[in-house]
Amino acid sequence: METLLIEGSAKTPTIKFDAEQGIIEIKGRSIPENSIEFYKPLIDWLEKYSGKPKADTVVNIQLEYFNTSSSKCILDVFKKLEAINKGGQSSVVINWHYEEDDEDMSEAGEDYQAIINVPFKMVMVQE
Amino acid sequence: MLDIYEFYDKMERNKIMLSFKGDITSELLTSILQIMESKLDNLQEEPKIKKKVYNVLVECLQNLYHHLDVDASDNSDSAKKFRSAIFMIGKIGSEYNIITGNYILNKNVNPLRDKLNRINVMSKDELKEYYKEILNNDEFSDKGGGGLGMIDIARKSGQKLNFNFIEVDNQYSFFSLSIKIS
């Protein structure tokens, strides 16, 4: 299965979904006006990956900013991962990175943690 | 003649850093955000405040972009007028003030007013619960926002949403929103 690579831009994050290694990364900022369009290929990739996932799937989310339009799409990504984890073929861990003094980003992580049922780690990053 | 000094003086007194009036396009938002980001960097603003201001700015501007009540393909003079919006950001002392104004259909005034009033009486924890509830329900508008924007603005600014509606004719009202961040 092909690695999904999308280079980041002023409004969209860097994407690296690597099926060989079972590593899924979303980094940077996610503030597009049309987030559904941007996240569609990510959801499609996860759909495919769920057919034959690695024994361990590590998800690294490291966002500087994200808008509310992206927040629902990020939840959709997490729900796909939740289904993969539940399926028993792969244990999924989500690492939610936030900068030391960024309470809003840390709270956003807590919000997701409360909604989805997947091992969720809060990772504090030094600035 | 238009008194430009009057404009200047008003903006100066309100310490306006940037303002715009006109059509809100995706490219415009990109430019405004870039300008504001470098201004915040130049002010050597605390990262925490910088992030809050930037986040609220994104939501306010994208609200203007998504929630126009006028069809984008309608090129009549009246459509152009009612599609136009205004945005300003100022800083007095250590407090940022983001102000937006746009036309909305009269019939949409009450639902929006009710929603904003509902948000304004919520505590920090209630806002968090409300946000999660909306985030996790499957009904989502094609605009992608799903009504989270105003809740997010209230959460991040930590202050009441200050708003007003002025009826301009039998079809449209002018909606203004003022957010303070400190």
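**Reading a sheet and an interface**

Tutor: Between chain A and chain B there are 11 salt bridges, a salt bridge being a side-chain nitrogen of Lys or Arg within 4 Å of a carboxyl oxygen of Asp or Glu. This is a predicted model, in which local features need pLDDT of at least 70 and side-chain atom pairs count only at pLDDT 80 or more, while totals for chains, interfaces and linings use all residues. Residues are numbered from 1 along each chain as its sequence is written, and side-chain values use heavy atoms, with hydrogens and water left out.

Student: Which side chains meet B:Arg155 or A:Asp111 in a salt bridge?

Tutor: These two meet each other, the side chains of B:Arg155 and A:Asp111 forming a salt bridge at 2.9 Å, N to O.

Student: How much area do chain A and chain B bury between them?

Tutor: The size of an interface is often given as the accessible area lost when the parts come together. Buried area is taken with a 1.4 Å probe and summed over both parts; here it is about 2700 Å², 48% of it on carbon and sulfur atoms. In chain A, the residues that lose the most area to chain B are A:Glu33, A:Tyr65 and A:Thr68, together 25% of what that side buries.

Student: How do strands S3 and S4 of chain A run?

Tutor: Strands of a sheet pair through backbone hydrogen bonds, either parallel or antiparallel. Strands are DSSP runs of E with at least two residues, and two of them pair if DSSP finds at least two bridges between them. In chain A, S3 (residues 23–30) and S4 (residues 56–66) run parallel, joined by 8 bridges, and A:Arg29 has A:Tyr65 in S4(A) as its bridge partner.

Notes. Chains are lettered from A and ligands numbered from 1 in the order in which they are written. Helices (H or I, at least four residues) and strands (E, at least two) are DSSP runs, numbered from the N terminus. Buried area is the accessible area (1.4 Å probe) that two parts lose on being put together, summed over both.
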